[in-house]
Amino acid sequence: MELHPSSIVIAGGGSTYTPEIILMLLDNLDRFPIRQIKLYDNDPTRQKLVADACEIIVRERAPHIAFCATEDPETAFTDVDFCMAHIRSGKYEMRDRDEKIPLAHGLVGQETCGVGGMAYGLRSIPDVIELIDFMERWSPDCWMLNYSNPAAIVAEAVRKVRPNSKVLNICDMPIDIMERMAKIVGLQSRKDLVVRYYGLNHFGWWSDVRDQEGNDLMPRLKEYVSKNGYNLEPLGCEPRLNDEDWLKTYRFAREVFACDPTVLPTTYFKYYFFPDHVVEESDPKYTRVDMVRDIREKEVFSECRRIASAGTSEGTTLKIGVHASFIVDLACAIAYNTHERMLLIVPNNGAVSNLPETAMVEIPCIVGSNGPEPLSIGEIPWFQKGLIEQQLAAEKLVVEAYFERSYHKLLQAFILSKTMKDASVARAVLDDLIEANKDYWPDFK
Ligand code: NAD
Ligand code: G6P
Ligand code: MN
């Protein structure tokens, strides 16, 4: 079959994840040919740092690919087949507020969970909708593959106001854990696994994991996770050795698993089941965003600067991980109708039979050029159903609050979060977050 080369825009070109996505794209040109890559960002200074290195990488490895970086939406979104989006509205400066303000009230302060995640959601909604509108105006056939967080709230907002748009919301957490599962049972990669998985984004469980022959891998996985969580240090192949905070989270999955040993959880339940522990071990002056800036941003940006000043990417330390492989697989599935089975965030529409039709659920889908066909999950147990419904109501209320400018709906969302202690705390932290976000949020009445 002759493959038609794609044109791609990466929105959030200045992201720390852009170089690895470009490297991954360049590594896969035989199965996913490309004619053009554009970077788009509303912060040209940040983007230039990444773009200068990426331009050299593209020129060295695939000079036939046209490359540009722009802050002009028309230039960026004209003549593109895929928009790979990973914007961070408010950048790390506002992530800092999302983490530290809740913590000052004794609450979990996290990028996507709890009230910090909701605060981020209220900034992301208009910015992601703006990207969709740019895409539909200048390249109406384009698909958006969206990593921009908080994915659950963004997906719900898109479902509500752009239900027919070609947008797929995705997360790399389940595939990161599946890569770990493969290592635990001695298989090559996540692609050797066939899974049943359900939940909301950053709020899901595996109910079944098998190899390609159909052998049940759950007993071996449960045994490992009950001792080590998803930390791979005992196997000598832990890929995140430079990030003690993630190692702690992977180890802690052991405690999360112990809350319901019938299924395998994602790591994010740590924030909902053990908020006091999380707050206790947090340093209110040095939160996750400070670590990200000291680890990922420093590593990626200093390497980009090095490449730009050397004029070559020879000997680069930039690495490709599952994050990039997943988005490239997804683009490939759509471009070439591969019918690969992938976990996506899609409208429930009965797939989980005892959850609302309008929930945006994370479940396995078969992906082809018409988009995703979700698989049926059936009924889920009371524990998961109860947790999901509470979280879903909170996420839906954030989105309704945004579009209705409703202070009370937002307050209700805060009260509903499992990370919340008391309605008076909810009100106090909300008022602080309103003040901190006054350049981003609408006026809530
Ligand atoms: P980053 O701050 O390094 O990069 C984000 C870029 O987006 C910045 O250069 C910023 O200037 C740009 N930006 C912000 N608002 C914009 C807008 N309205 N239009 C265009 N560009 C805009 O952030 P990062 O740490 O690299 O993460 C990027 C995003 O990817 C975040 O939303 C993060 O949460 C998300 N992410 C999601 C997953 C997932 O599983 N879904 C995984 C990893 C990262
Ligand atoms: C995982 C999640 C992402 C999240 C990222 C945050 O990959 O799936 O949604 O953005 O972790 O990691 P960080 O290192 O920025 O805290
Ligand atoms: Mn995620």
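View 1. D329 is buried, at 0% relative accessibility, where buried means under 20% relative accessible area, exposed over 50% and partly exposed in between (1.4 Å probe, protein chains only). This is a predicted model, so local features need pLDDT of at least 70 and side-chain atom pairs count only at pLDDT 80 or more, while totals for chains, interfaces and linings use all residues. Residues are numbered from 1 along each chain as its sequence is written, chains are lettered from A and ligands numbered from 1 in the order in which they are written, and side-chain values use heavy atoms, with hydrogens and water left out. D329 pairs with R31 in a salt bridge, with the closest N and O atoms 2.7 Å apart; the term means a side-chain nitrogen of Lys or Arg within 4 Å of a carboxyl oxygen of Asp or Glu. R31 sits in the loop between α1 (18–27) and β2 (34–40) and D329 in helix α13 (residues 322–336), so the pair ties together parts 298 residues apart in sequence. Helices (H or I, at least four residues) and strands (E, at least two) are DSSP runs, numbered from the N terminus. R31 itself is partly exposed, at 27%.

**View 2. D290 with K100.** Here's another salt bridge, at 2.7 Å from N to O.

**View 3. What sits around ligand 1.** The shell holds 27 residues, and S15, D41, Y92, E111 and Y120 are the closest; to be near, a residue needs a heavy atom within 4 Å of the molecule. A polar side-chain atom of S15 comes 2.6 Å from a ligand 1 oxygen, and one of R296 lies 3.0 Å from an oxygen of ligand 1. Taken alone, ligand 1 exposes 860 Å², and the protein buries 97% of that (Shrake-Rupley areas, 1.4 Å probe; for residues, only the protein chains shown count as cover).

**View 4. What sits around ligand 2.** E111 has a polar side-chain atom 3.0 Å from an oxygen of ligand 2, while N149 has one at 2.8 Å from a ligand 2 oxygen. On its own ligand 2 exposes 390 Å², of which the protein buries 92%. Helix α12 (residues 288–310) gives the most to this shell, with 3 residues.

How values were computed
Polar contact = N/O pair within 3.5 Å; in protein donor to acceptor, adjacent residues only side chain to side chain.
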